[in-house]
Amino acid sequence: MKPKPNQAQEDIMIKDLQRVFQLNDLQAREILNQAQWNLQKATNYVLDLQKSGSKIEEQFKKYITNGQSVIDENGIISFCKDLGIDIMDPVILYISYIFKSETMGNYTKFDFLYGFTLLKIQSTSDLKRELKRLRDELNNNREILKSVYKYCFDFAKKKNRKDIDLPIAQGLWDTLLTNTFPIMKKFMNYVGTIEEKDVKPISRDTYYMVWEFCVQIGEDLAKYDYKTGAWPTFIDGFYFYLFPNHKQ
Amino acid sequence: MIVENEHTDEFHQLLNNIINQNPVSKPYLLYYQKLKSNQKYHQQIFNLIIQEFQYHTQTKLIFQDFSQIISQHQQIQSQIKLIDQIFKTIESSQNQSINKVLNQIYQTKIYNYKDKILTLFLNQFLILRQNEIDNKLLQLIAFIKSTQFCQEFKQSLIEKSIIFYNKFTSIEQLHQQYLVEEKIIELFQDVQLGISLREEFSKVIARNLSDTPILLENMSQMKIYFELNQIIDSNILKGKIFDMVYQDMIKVINNENKQQIINNLFETKEYYEQKVSDLFQNNEKIKISLSSAIETAIQLKVNQLSEQLSSYFDQLLIKKQENKDFVKVQERIKKTLELMPYFSAKDIFEHFYTQRMTRRLLLELSISQELETEILINLKQQCGDQYVRKAEEVLKEYKKCYQYQHQGVEVKLVVISQNSWTLKQDQIPKFFLKEQQQYFLESQNQELKQKILLWMLECSNCYVKGFNKYIFIVSAVQAMILDLFNNQKSYKAQEFIQLSGLSKDEIIRNLIPLEKEKILILDQGTYSVNYEFESKKTHIKINQMQKIEKKEEIEENTQKLLHDRKYVIDASIVKIMKRDKQHTLQEIVNLVLKDLGLPIKVVDIKQQIEVLTEKEYLQRDQQDMSLFIYLA
């Protein structure tokens, strides 16, 4: 067996795969990973996907408007409508995660092909039947929620930026975290009190640390140590919002 | 029943005499010898003594009041002692010593009156304890120590003492009582009692110390306060000094009159230092407390105060009436320099210090260049090389100047290298001395070509030739104004402002001296040249109105400097992380604080760590969330 390629070699293989097929970095990486970084195997897998995916492609075409190559926001609205869910439903984020979709507000053909095949389904109505299971997984499996949460940062992030705007982060926290972590309700209140002039974009680190905060601290704020805890200042801000007297 | 015989009879008489305090007719030695020679009567005589003594104790001893008991006690003790001396010989043949037996009899008797005596003596003790130690108290303690209920007495004594101590409400009383109490403890020679009493007494001292306000002017009280504080080895005085100094300092630094702050601060500090030395023997703990109170207070406004400190230096070093006494100025500067460690915003201090020093030197306002140099050397030692580099540069260069003459204006151009300035000054205004400027730029010295020249209006001066025979030494702006009169006969102030692009303040400030010296005439808001100007001198120096540093300007510059600290923090973090590769957040914060020695808040450092993380200089470890790794 060949040794596992390093970061640079991986990137080259991803580029190679992308030269032949239209798929994004996440998907390419995932497929190559599955194929144990054997480019031939990965290529065959994608070819199979395309061969067997004619029915899924039909489904995809249903949601694109005149001549576009990707599903846009309107398409997503009708996709959600067919699934019988609100577009703010957290489960749609989980679906995007499964699709390994790259940017919020778009689905590519390959997103559909890849995701539907992975779920072993052929149509939107099949997906609708799966919804309950997916929702249960998202609500009950911390690991899945964590992966979806982390995935969403890149999903929501604009390509040329390293951070996301606070309102977007707010939306993600509200959708993904408030149900599972009651403390996030207070957290959202805090975010609401931040004055316009103090609003800053949310960095990846801060975004990830909000998850850690939910898991490690949660309701038990006595555990929160702003002196040695190495929490981002944004989360310190929440702590001081709750305990104004603790501020030095 | 003891059979009396010739020998016993004699002893009986003796005993009676002793017990009843009658004079003893024959010398003791005689009895002693008799006893020695009649050893077979020993037992008999021994019994006789016991019997007699017992009878006496039973019938004669009464326990009425304190003095009676004490004097009776002393009597009996001396009787026993006497008997003991005489009958020492018996002891060798007897099992029990006569002393012991007699004492036992006596003690048993006392014990019967235990309750009465305890109450009586405790009360008496409390009365006696309120005065200085006297004989009575000594006797009382000696008596109690001899009794079998000494332990009970001590127990009650502790209880009564607590009540007694708690009645004290002044530290003076406590201080007096302290000596009495120590003596009592010493007399009882009981470790446990000593511990208990001292503990209770200390509590009362501590409470009284806490309740007594500190009045440094009341010297005698403060000395007592200090002594008591030392006796119980407490931190009360330390804490109180801290609070007092801190509150005082806060008042000083919040003074509306900014000019006074530093001066008052020093005076306050000196006042307290003097007091600590006068009253508290320069106690280390209190000195530390004093200096940390000062430091804590200064830290509250350290940025502004560092600026004001540099202004304080300026006021000392500038030529003026108050600074005539050079030795005094030197002394004050020396003292001020000692305080540098309190003013940790070295960057801000440096900026304003350098700026003001340059102004002093260029305008020849400094009282002594040697002193300036000396201060810099001292500052270098205290703050580090990087904080005086610019000032040193200025000191080296300020005498360098380029002189040239063109169209009647003699320009003396002083050039200070660009690194001497922490912040950029305005560029030379376009219109300003237009011809001169062009001339200057054309004939620019090769040496200056490499440098970015910044125009420092306030430090510039020019020699202007006027009315064919006079040379006016004026400021650059005045030179410009005078030059303008070559083109036009009269100007309004507004026109100068428009032409030069300078502020109204600046123009007016320069116009007033010209008018005062009667070079210009002001008539209904219009300035024109006074062609009738006359003077005995040929070189006329125009006195300048000193530009007052504007509050807003200082504030603005301070803000800029504070903003620049972000980069300083960034550099420090990267330097540390590059060296050590990884650190926890807490470690980084501490190392940066140590590295920079500036008054930075932890949150500022945290924010810069976040910025660097975002810029991917650093990365948070995936397992240990407090660990940051340097990404090379």
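**Chain contact and aromatic pairs in a predicted model**

The contact between the two chains draws on 17 residues of chain A and 13 residues of chain B. The model is a predicted one, and the values that follow are computed from it. Between chain A and chain B, about 1,300 Å² of area is buried, with carbon and sulfur atoms giving 50% of it. Within the area that chain A buries against chain B, 40% is supplied by A:Lys162, A:Ala230 and A:Thr233, more than any other three residues.

Chain A and chain B share 2 salt bridges. In a salt bridge across the contact, the side chain of A:Asp236 meets that of B:Lys606, at 2.3 Å from N to O. On the side of chain A that touches chain B, helix 12 (204–217) and helix 13 (233–242) of chain A each supply at least two residues. Helix 12 of chain A gives the most to that side, with 4 residues.

Now to the rings. Over all chains, the structure holds 62 aromatic pairs. One of them is formed by B:Phe121 and B:Phe143, whose ring centres lie 4.9 Å apart; their planes stand at 40°, so the pair is tilted. This pair links distant parts of the chain, 22 residues apart: B:Phe121 belongs to helix 7 (residues 114–129) of chain B, and B:Phe143 to helix 8 (residues 135–146) of chain B. B:Phe121 and B:Phe143 are both buried.

A further pair in chain B has another geometry to report. The ring centres of B:Tyr470 and B:Phe533 are 5.3 Å apart and the planes meet at 90°, so this pair is edge-to-face.

In chain A, ring pairs join a set of residues into a cluster, among them A:Trp173, A:Phe187, A:Tyr190, A:Phe213, A:Trp231 and A:Phe243. A:Lys100 lies over the face of A:Tyr97, 4.2 Å from the ring centre. Likewise, A:Lys150 lies over the face of A:Tyr208, at 4.5 Å from the ring centre.

Note on methods: Residues are numbered from 1 along each chain as its sequence is written. Chains are lettered from A and ligands numbered from 1 in the order in which they are written. This is a predicted model: local features need pLDDT of at least 70, side-chain atom pairs count only at pLDDT 80 or more; totals for chains, interfaces and linings use all residues. Side-chain values use heavy atoms; hydrogens and water are left out. Rings of Phe, Tyr and Trp (its six-membered ring) pair if their centres lie within 6.5 Å; planes under 30 degrees apart count as stacked, over 60 as edge-to-face and the rest as tilted. Buried means under 20% relative accessible area, exposed over 50%, partly exposed in between (1.4 Å probe, protein chains only). A charge sits over a ring if NZ of Lys or CZ of Arg is within 6 Å of the ring centre and within 35 degrees of the ring normal. Contact means heavy atoms within 4.5 Å. Buried area is the accessible area (1.4 Å probe) that two parts lose on being put together, summed over both. A salt bridge is a side-chain nitrogen of Lys or Arg within 4 Å of a carboxyl oxygen of Asp or Glu.
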